[in-house]
Amino acid sequence: MNRFTIQLDEIKAAFAAEPNPTIEVRLDRIARIEKMIEANEEKICKALEADFGVRHSVETRLAECQMIYQACKYTRKHLKEWMKPEQREVPFHMGASHACVESQPLGVVGILSPWNYPVQLALIPAIAAFAAGNRVWLKPSERSSRTSGFVASLIQEYFHPSEFCVTTGGPDVAEQFAALPFDHLFFTGSGTIGKKVMRAAAENLTPVTLELGGTTPVIIDKSAKLKDAAASITYGKLLNGGQTCIAPDYVLIETSLQEAFIQELQAAAQTQFSNPEELTGPIDERQLEYWQHLVSDALDRGAKAIPLLNNPGAGVRPFEPIALINVSPEARILHEEIFGPILPIVTVADTSAAIAYVNNKPNPLALYWFGKDKKNMKQVLSETRSGGVTVNDTLLHITIEDLPFGGVGASGMGSYHGKAGFDTFSHQKSILEVRGFFGLNFFKGTKTARPPYGKMTEWLLRYLK
């Protein structure tokens, strides 16, 4: 028995002693996460800046801290309602019987969080798990080592380890962690690692939620205002240096619009990210090398690189944002999640061709459509499959707490945020309380179906038919 197994047994024992925490206990745990972030915002910003080399504090506060505050606020507002049993319909022949579904905590939830948003993507699932009444054990990514270490120290300060436990370490630790018999395992990361997590969880029949990625398409309709589309795409692509699971991965646009769109893209990039201190750097050398390999592969196959900023020598950016045109269909960049400031542009004939292109790839985590033509918009929405969609902007669907966030097919399974997160970390227990008509034994439960079979049973069969 290794130390992780012993630790999990201790957390499970603590849960068993309090298997259905009151709303006050749940809200207190969520409030402590909120206080923890509020009291340490500045230090969190500095830790993230140290990990990424360049990451502006405003970006961190918007994309990490604010998302956590929003989740806490929304959960606090709705938790009482979520915890109420939901009454369900009962057929007439069952008399005054009462049916309901009760949300019950699962137990101990394991969370494997990634490096790209190492605070938000660790704590928002934890908020949902606490709302549902569970205990949590977190394994943050080692690639954002400074931030992960700091968040771990904060959790240890604000929580007892039997409430919210945290373990840091490399891939070997993650492998052991995924193999533990959690009551639910939540993973955010790449599809490749997601498969390993799912295989490890299968040994214990541990249910999993996988938040993966894929190649996110942007479809620009001929009815779109290119200036607005370019501004939104630039922000979605370059936020966090492109290291976002729902960042645009490629643009589909009609050939006649390509040149004008590229000009607007360059103008938008220069307007938004001319200050080198506001363009986040790669998390590490491995990420930088990955970007360089993707670009080299595309260029070797005949693509043309177009710089998005006209001051390539400014600041300490080790990699300049670029668009790619004339990209070969075989180029790696069209088949892998880019996770960086590189935007391939692919020309298509029309809406139907754009849909066919998207559908020829695994289902993405997100899709973006720009335009005013409602008919074309509805065609895209009805004929493509993706985890979520934002129309006439990027990223924003993830910020709506009442919208489930998750993938479909290769981009993941299960969802969270808001009520969806509460449901993910709850068991929906079906409960039937059998009663007769008017409190009598008449027509009560299975009474009319029991042998010896007679006229009453025949009547019941005719009635049910």
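I am working from a predicted model. I traced an open sheet of seven strands with mixed pairing, and I read its order as E10-E11-E12-E9-E8-E13-E14. At the edges I found strand E10 (304-307) and strand E14 (388-391); each has a single partner strand, so one side of each is left without a neighbour in the sheet. From one strand to the next, I get a twist that averages 25°.

Entry 2, inside the sheet. I looked up how E9 (residues 250-254) meets E12 (residues 342-348): the two run parallel and are joined by four bridges. Which residue of E12 is the bridge partner of Glu254? I found Val348.

I checked the span of H6 (residues 145-158): its 14 residues reach 20 Å from first C-alpha to last, close to the 20 Å expected. Which residues of H6 are buried? I listed Thr147, Ser148, Val151, Ala152, Leu154 and Ile155. They cover an arc of only 165° around the axis, so they lie on the same side of H6. A handy reminder to myself: an α-helix has 3.6 residues a turn, so residues three or four places apart point the same way. On the other side of H6, I noted Gln156 and Glu157 as exposed.

I followed the buried residues of H6 to their packing partners: helices H2 (23-39), H3 (41-52) and H5 (120-131), along with strands E4 (135-139) and E5 (164-166).

Methods
Residues are numbered from 1 along each chain as its sequence is written. This is a predicted model: local features need pLDDT of at least 70, side-chain atom pairs count only at pLDDT 80 or more; totals for chains, interfaces and linings use all residues. Side-chain values use heavy atoms; hydrogens and water are left out. Two strands pair if DSSP finds at least two bridges between them. Axes are lines fitted to C-alpha atoms, for helices over the stretch in contact, and angles run from 0 to 180 degrees between N-to-C directions. The expected span of a helix is 1.5 Å times one less than its number of residues. Buried means under 20% relative accessible area, exposed over 50%, partly exposed in between (1.4 Å probe, protein chains only). The arc is that of the directions from the helix axis to the C-beta atoms. Contact means heavy atoms within 4.5 Å.
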